[in-house]
Amino acid sequence: MSLAQSILSELKKCGVRWITWLPDSETATMYSLVIRDPDLRLIGVCREDEAIGICYGLLKGGERAVVMIQNTGMMNAMDAIRGIPMRMQQAMLLMVGYRGYRGMIEKASRVDNVSVFTEPLLQALKIPYFLVHSRDDAPKIRQAYEEAQRTSGPTVVLITREDE
């Protein structure tokens with residue numbers, strides 16, 4: 001089972017049926033799996049803050065939903081994250097593609113600086129997060145889901161890659 005398949009399997013174990021998503025280069029493999037999976041429903045959005053609002057509506061309606069965006073988009077959506085899951089105390093899991101992670105870790109000569117700001121931003125906002133690097137880390141998704149439920153707020157899973 002690939003990492004992308006493991007991630008989707010863990011989401012299904014949490015009872016997730018809906019994914020609000022702005023597809024990106026970091027999660028392209030998962031996108032192709034989701035659109036073919038009869039157990040998951042995808043709602044595509046034009047902007048990341050829309051994914052937060054639509055996910056909130058699904059959650060308030062009793063559905064199990066998550067957001068899937070890239071870290072650049074998470075930064076774009078920070079006001080929605082602050083205003084909805086944080087302020088409204090709504091448990092919400094955000095699956096975030098960690099753009100630039102490999103270059104940052106490998107100390108590449110040119111690193112997308114979004115990777116440098118991702119974790120410090122989450123730490124500053126006191127948003128719990130979990131790193132998923134491989135299939136072995138996939139169970140962290142359940143931990144993250146449970147953390148969101150426990151804290152009644154956002155929790156982030158940073159996906160550093162989707163292939164192994």
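Ser 6 counts as buried, at 8% relative accessibility; here buried means under 20% relative accessible area, exposed means over 50%, and partly exposed is what falls in between, with a 1.4 Å probe and protein chains only. The model is a predicted one, where local features need pLDDT of at least 70 and side-chain atom pairs count only at pLDDT 80 or more, while totals for chains, interfaces and linings use all residues. Residues are numbered from 1 along each chain as its sequence is written, and side-chain values use heavy atoms, with hydrogens and water left out.

Back to Ser 6: this residue is found in helix H1, residues 3-13. Helices (H or I, at least four residues) and strands (E, at least two) are simply DSSP runs, numbered from the N terminus. Leaving aside residues up to four places away in sequence, Ser 6 touches Met 1, Arg 135 and Ala 138, where a contact means heavy atoms within 4.5 Å.

Glu 10 counts as buried, with a relative accessibility of 9%.

Lys 12 pairs up with Asp 39 instead, the closest N and O atoms being 3.8 Å apart.

Over in helix H8 (residues 140-151), Arg 150 and Glu 147 lie 3 residues apart, about one turn of the helix. Their salt bridge has its closest N and O atoms 2.8 Å apart. Arg 150 is exposed, at 61% relative accessibility, whereas Glu 147 is buried, at 18%.

Next come the aromatic rings. Rings of Phe, Tyr and Trp (its six-membered ring) pair if their centres lie within 6.5 Å, and planes under 30 degrees apart count as stacked, over 60 as edge-to-face and the rest as tilted. By this rule there are 2 aromatic pairs. Trp 21 and Tyr 31 form an edge-to-face pair, with 5.6 Å centre to centre and 80 degrees between the planes. That pair links distant parts of the chain, with Trp 21 in strand E1 (residues 18-21) and Tyr 31 in helix H2, 10 residues apart. Trp 21 is buried, at 0% relative accessibility, while Tyr 31 is partly exposed, at 32%. Tyr 98 and Tyr 101 form a tilted pair, at 4.8 Å centre to centre and 50 degrees between the planes. Tyr 98 is buried at 1%, and Tyr 101 is buried at 14%.

Finally, helix H5 (residues 78-86) has Met 78, Ala 80, Ile 81, Gly 83, Ile 84 and Pro 85 buried. The buried residues of H5 pack against helix H3 (48-60), helix H4 (71-76) and helix H7 (114-124), along with strand E4 (92-97) and strand E6 (154-159).

Note on methods
Salt bridge = Lys/Arg side-chain N within 4 Å of Asp/Glu carboxyl O.
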